[in-house]
Amino acid sequence: MNKKKCPQCKNLILITSPTCLHCGRPNKFITKEYVDKKWNNNNNNNNLFDYIFINKYLVFILLVVITIFIITFR
């Protein structure tokens, strides 16, 4: 377990801990970029999956309609 010194109280804290257990100082400052990166990562993957799934579904329906059209008017 990697530890570092808290800049405020100089006690050892884990690198992965969100705050210092002794003084409460944040280990990583939460910024808008940090929050966007943390929360929008999953949403982008879900939207991409939905987009691909809907397009594949529409292409399948289009192919079925074209084959039925070709079979009936031959």
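In which helix is Tyr 57 found? Tyr 57 belongs to helix 1, which covers residues 32-72, in a predicted model where local features need pLDDT of at least 70 and side-chain atom pairs count only at pLDDT 80 or more, while totals for chains, interfaces and linings use all residues. Residues are numbered from 1 along each chain as its sequence is written, and side-chain values use heavy atoms, with hydrogens and water left out.

**Overall layout**

- The protein chain contains 1 helix and 2 strands, where helices (H or I, at least four residues) and strands (E, at least two) are DSSP runs numbered from the N terminus.
- Read from the N terminus on, these elements follow the order β-β-α.
- Among contacts (heavy atoms within 4.5 Å) between residues at least 6 apart in sequence, 0% join residues at least 24 apart.

**Surface**

- The protein chain has 74 residues, of which 7% count as buried; buried means under 20% relative accessible area, exposed means over 50%, and partly exposed lies in between, with a 1.4 Å probe and protein chains only.
- A nonpolar patch on the surface is formed by Ile 54, Tyr 57, Leu 58, Phe 60, Ile 61, Val 64, Val 65 and Ile 68, which together have about 770 Å² of accessible area.
- Patches are made of residues with over 30% relative accessible area and no salt bridge, with like charges joined within 9 Å and nonpolar side chains (Val, Leu, Ile, Met, Phe, Trp, Tyr) within 5 Å; a salt bridge is a side-chain nitrogen of Lys or Arg within 4 Å of a carboxyl oxygen of Asp or Glu.

**Aromatic pair**

- A search of the whole structure gives 1 aromatic pair, and the rings of Phe 69 and Phe 73 have centres 4.9 Å apart and planes at 55°, so this pair is tilted.
- Rings of Phe, Tyr and Trp (its six-membered ring) pair if their centres lie within 6.5 Å, and planes under 30 degrees apart count as stacked, over 60 as edge-to-face and the rest as tilted.
- Phe 69 is exposed at a relative accessible area of 51%, and Phe 73 is also exposed, at 63%.

**Loop and cysteines**

- Lys 10 lies in the loop between strand 1 (3-5) and strand 2 (12-14), and its phi is near 65°, a positive value in a residue other than glycine.
- The structure holds 0 disulfides, a disulfide being a pair of cysteine sulfur atoms within 2.5 Å; for Cys 9, the nearest cysteine sulfur is that of Cys 20, 3.6 Å away.

Definitions and conventions
Areas by Shrake-Rupley, 256 points an atom, 1.4 Å probe, with all protein chains shown as cover.
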